[in-house]
Amino acid sequence: MITTKYRARKEWFGYELFDRIDGRVIPLDQVQSERIASLQSSGVRKELMNRVLLPGLFNDHEIAIEYPVDTPYAKTREFASAPRRIYWELTRLCNLNCRACFNRFFPDRNELSGEEILSIAEHLYAAGVYEIRCTGGEPTMRPDFFELAEELARMGFYLSMGSNGHYSDTTLKKVIDAPLDWIILSIDGSDEQTFAESRGRNVYGTVLNTLEAVADAGKRIRVNTLVRKNNYTYAHLKGLAELCDRFGVESLNCIPLRPVFNDPGMHSMQLSREEFREFIQGLNALRQEHRVDFVTTLDLRHTVEHDRVYYKDKSCAAGREGAVLSPYGELYGCSYSLASDPGAPQEKRGRYVAGNLLEEDFLAIWNDSARWAIYRDLDRYKHDTCKACAYYSAKKCIGNCPIMDKENPDSFDPYCYLFID
């Protein structure tokens with residue numbers, strides 16, 4: 001198991017550190033960057049750079065840093081030298097069939113083997129990827145998940161997991177014992193009825209049991225909740241905030257319903273702009289009343305404060321600072337895009353899928369911006385209204401989302417409430 005707390009990576013502005021204990025990126029100033037660059041160029045042994053002093057950091061105490069990563073490509077402000085976080089869909093298998101889920105199981109497609117996953121992971125680590133977010137499907141449904149988790153942690157990744165939390169007692173114990181640094185649980189309501197309307201079945205009690213158990217184990221916890229017409233009001237969200245405070249949840253991520261779901265009937269559950277504005281107003285009131293940190297999109301606050309890994313400079317992190325890996329080796333920007341649906345028409349799906357790691361080199365795909373244009377070409381895909389907006393220019397908003405309209409990725413975001421007639 002790698003125990004060095006800090007990794008270093010070269011970016012366009014200099015170097016940054018990753019604290020693999022806290023799961024936090026720390027940008028370095030010019031003097032600090034020059035210190036690391038001088039050590040790297042001096043031929044210091046590659047295993048570890050021990051006794052490094054970075055002026056102005058860590059009370060001027062010396063630290064140990066893993067040998068810095070400097071990828072063999074030009075560095076640019078438009079995208080990171082490698083994804084800081086990979087959302088790895090380890091399987092499409094799931095023990096639920098949620099109405100609003102963006103993923104579907106395709107039994108006729110072969111998912112990556114454990115050997116293929118670990119081989120790809122070694123390349124990701126060498127490229128400077130900091131965090132692996134294990135997702136699915138339900139990641140714990142993969143028979144070798146816990147063995148893979150041990151190996152990914154041994155490599156040195158910060159390891160997080162997005163999960164529905166519906167486990168047997170045996171699986172719950174394995175989750176608690178696994179080397180998971182951060183657990184993200186999906187809880188779509190603070191009562192059984194609201195929860196079941198999204199999940200399609202009532203497993204509310206099981207998920208609350210999971211929440212209590214991982215909290216008692218001292219794990220870092222986030223709760224994801226899907227915001228839709230039956231749970232967006234102050235009253236609904238207050239119940240969930242109280243639940244989060246009760247179990248010491250760090251953050252409550254309120255995710256507006258995206259137009260990609262298993263049940264077409266969910267389309268009618270998307271909020272109007274007026275309802276989204278009411279949701280944000282309720283959220284801002286709750287921020288004054290509860291300990292848990294509320295996270296969402298388009299709330300016109302500085303977005304960087306709510307993620308320890310991403311900078312979110314000028315746009316969403318998708319395809320710029322983070323990426324998704326499918327169970328079949330495909331690399332793309334966002335799970336909510338058509339890339340998650342192998343059955344979608346290729347002429348539409350193709351603009352979201354950048355390549356396949358079973359066929360091409362990871363960094364070669366990442367550094368080919370033409371494949372990521374929908375996320376990186378902001379002149380083309382950022383709406384003119386956003387580019388002229390004071391909130392966007394002040395980095396209090398990331399602008400329109402390119403997956404909200406399947407036909408027109410540069411369309412104005414339907415949730416933006418600044419321009420209600």
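**Exercise 1. Aromatic pairs**

How many aromatic pairs does the count give? Then classify the pair of W12 and F13.

*Solution.* The count comes to 15 aromatic pairs. The model is a predicted one. Planes over 60 degrees apart count as edge-to-face.

**Exercise 2. A second pair**

Classify the pair of F145 and F146. Is F145 buried or exposed?

*Solution.* The ring centres of F145 and F146 lie 5.0 Å apart. Their planes stand at 70 degrees, so this pair is edge-to-face. Next, accessibility. Buried means under 20% relative accessible area. F145 has 0% relative accessibility, so F145 is buried. F146 has 15% and is buried too. Now return to the pair of Exercise 1. W12, at 43%, is partly exposed. F13, at 28%, is also partly exposed.

**Exercise 3. A ring cluster**

Which residues do ring pairs link into a cluster?

*Solution.* The cluster consists of F276, F279, Y415 and Y417.

**Exercise 4. Two helices**

Describe how α2 packs against α3.

*Solution.* Start with the extents. Helix α2 covers residues 114–127, and helix α3 covers residues 145–155. Their axes are 11 Å apart, at an angle of about 20 degrees. Angles under 35 degrees count as roughly parallel. α2 and α3 are therefore roughly parallel to each other. The crossing of α2 past α3 is right-handed.

Now list the contacts. α2 contributes G114, I117, L118, A121, E122 and Y125. α3 contributes L148, E151, L152 and M155. Sorted by class, this contact holds seven nonpolar, one polar and two charged residues.

Technical notes:
Residues numbered from 1 in each chain as written. Predicted model: local features only at pLDDT ≥ 70, side-chain atom pairs only at ≥ 80, totals over all residues. Heavy atoms only, no water. Axes fitted to C-alpha atoms, helices over the stretch in contact; angles between N-to-C directions. Helix = DSSP H or I, 4+ residues; strand = E, 2+ residues; numbered from the N terminus. Parallel < 35°, antiparallel > 145°, perpendicular 65-115°, else oblique. Left-handed = near helix turned anticlockwise from the far one by under 90°. Contact = heavy atoms within 4.5 Å. Nonpolar A, V, L, I, M, F, W, Y, C, P; charged D, E, K, R; others polar. Phe/Tyr/Trp six-rings, centres within 6.5 Å; stacked < 30°, edge-to-face > 60°. Buried < 20%, exposed > 50% of the residue type's maximum accessible area, 1.4 Å probe, protein only.
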